[in-house]
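This report walks through a two-chain model, from the contact between the chains to individual residues. Please keep the sequence and the structure in view while reading.

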Amino acid sequence: MSEITEWQPVYAPFLGFSGIAAAMIFSSVGAAYGTAKAGISIAGVGTFKPELIMKSLISVIMAGIIAVYGLVIAVLIAGDMSPEKEYTLFAGIMHLAAGLSVGLAGAAAGYAIGTVGNAGARAFLQQPKVFVGKVLILIFAEVLGLYGLIVALILNTRKA
Amino acid sequence: MTSRRIVSTEKTVLDKDDMSSRGPPGPAPPDILPGSIPQISKSVISKLLAYTIAMIVAPLSAYYLTLNHIYNGNNTFAGATAAVVANIVLIAYVIEALREDDADNKEGKKNR
């Protein structure tokens with residue numbers, strides 16, 4: 001057990017664990033919103049054309065990947081936490097930043113995926129040519145979450 | 001408000017979520033009789049199961065397999081690998097969905 005100093009305060013692990021929680025909670029909020037919003041329209045479309053369900057489910061899969069991003073960062077940060085190791089204030093704030101960046105970027109991406117998936121599936125029912133554009137927009141929304149993941153991964157390499 | 005303009009103000013059947021507003025229920029479509037189990041082909045179920053399991057297992061196993069065996073404990077690369085694997089599953093699903101659509105089109109033309 002290392003000594004408590006100004007550089008290694010008692011509350012430093014609190015910030016780190018906040019980062020883990022933020023990564024998982026906020027990305028799951030985004031993924032849940034995306035899944036629910038897209039799922040509503042898939043249920044509506046499926047009653048008219050069941051053969052379109054498979055294609056409409058793409059937005060749900062993309063929302064699921066948002067949660068995987070948050071999970072990866074949460075597991076990554078959790079691997080650095082240990083009661084025996086010394087844990088600096090720098091590391092704590094860095095982990096908080098990593099968790100918040102992947103979490104809130106994931107929430108934003110999930111919101112976009114849900115809205116686009118909802119409108120896209122309804123439009124796809126009437127005009128099949130919408131599909132390529134819908135998938136492109138979904139990919140752009142997905143990339144927002146990926147940016148958060150990349151920043152979080154880079155932040156995690158800046159260990160003191 | 002700009003996003004409002006695209007949405008038509010007239011409510012379609014899809015927008016009505018409650019069952020009461022749909023009017024009196026007509027005769028059920030012939031293939032969906034009440035109480036009958038819908039016919040879902042085994043290939044669709046196996047496909048969905050495979051993708052569900054892949055979505056859960058593939059990124060996590062990629063992380064833990066590459067962590068110690070390929071990247072020697074560098075968990076940044078292992079995390080990036082997990083994200084890439086998750087996206088590979090997604091791309092595989094998109095390709096699968098497109099292929100299924102092509103197959104449906106061919107079958108539909110044959111039937112006509």
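The model is predicted, and local features need pLDDT of at least 70 while side-chain atom pairs count only at pLDDT 80 or more, although totals for chains, interfaces and linings use all residues. Residues are numbered from 1 along each chain as its sequence is written, chains are lettered from A and ligands numbered from 1 in the order in which they are written, and side-chain values use heavy atoms, with hydrogens and water left out.

The size of an interface is often given as the accessible area lost when the parts come together. Here chain A and chain B bury about 2,300 Å² between them, with 76% of it on carbon and sulfur atoms; this buried area is the accessible area (1.4 Å probe) that two parts lose on being put together, summed over both. Chain A gives 28 residues to the contact and chain B gives 27 residues, where contact means heavy atoms within 4.5 Å.

Chain B has three helices and zero strands, helices being DSSP runs of H or I with at least four residues and strands runs of E with at least two, numbered from the N terminus. Of the 112 residues in chain B, 23% are buried, that is, under 20% relative accessible area (1.4 Å probe, protein chains only).

In chain A, UniProt lists residues 19-77 and 96-155 for "domain: V-ATPase proteolipid subunit C-like" in an unreviewed entry; positions follow the numbering used here, feature names are shortened, and annotations may be inferred rather than shown by experiment.

| Span of chain A | Helix | Strand | Distance between end C-alpha atoms |
|---|---|---|---|
| Residues 19-77 | 92% helix | 0% strand | 8 Å |
| Residues 96-155 | 95% helix | 0% strand | 10 Å |

Glu142(A) has its place in helix α5 (residues 130-157) of chain A. Glu142(A) is buried yet has no salt bridge, and the nearest side chain of opposite charge, Lys134(A), is 13 Å away. Apart from neighbours within four places in sequence, Glu142(A) is in contact with Met62(A), Ile65(A), Ile66(A), Tyr69(A) and Ile113(A).

Gly120(A), in helix α4 (residues 89-126) of chain A, is buried with a relative accessible area of 8%. Not counting residues up to four places away in sequence, Gly120(A) touches Val130(A) and Lys134(A).

Conventions: Buried < 20%, exposed > 50% of the residue type's maximum accessible area, 1.4 Å probe, protein only. Lys, Arg positive; Asp, Glu negative; His and termini not counted. Salt bridge = Lys/Arg side-chain N within 4 Å of Asp/Glu carboxyl O.
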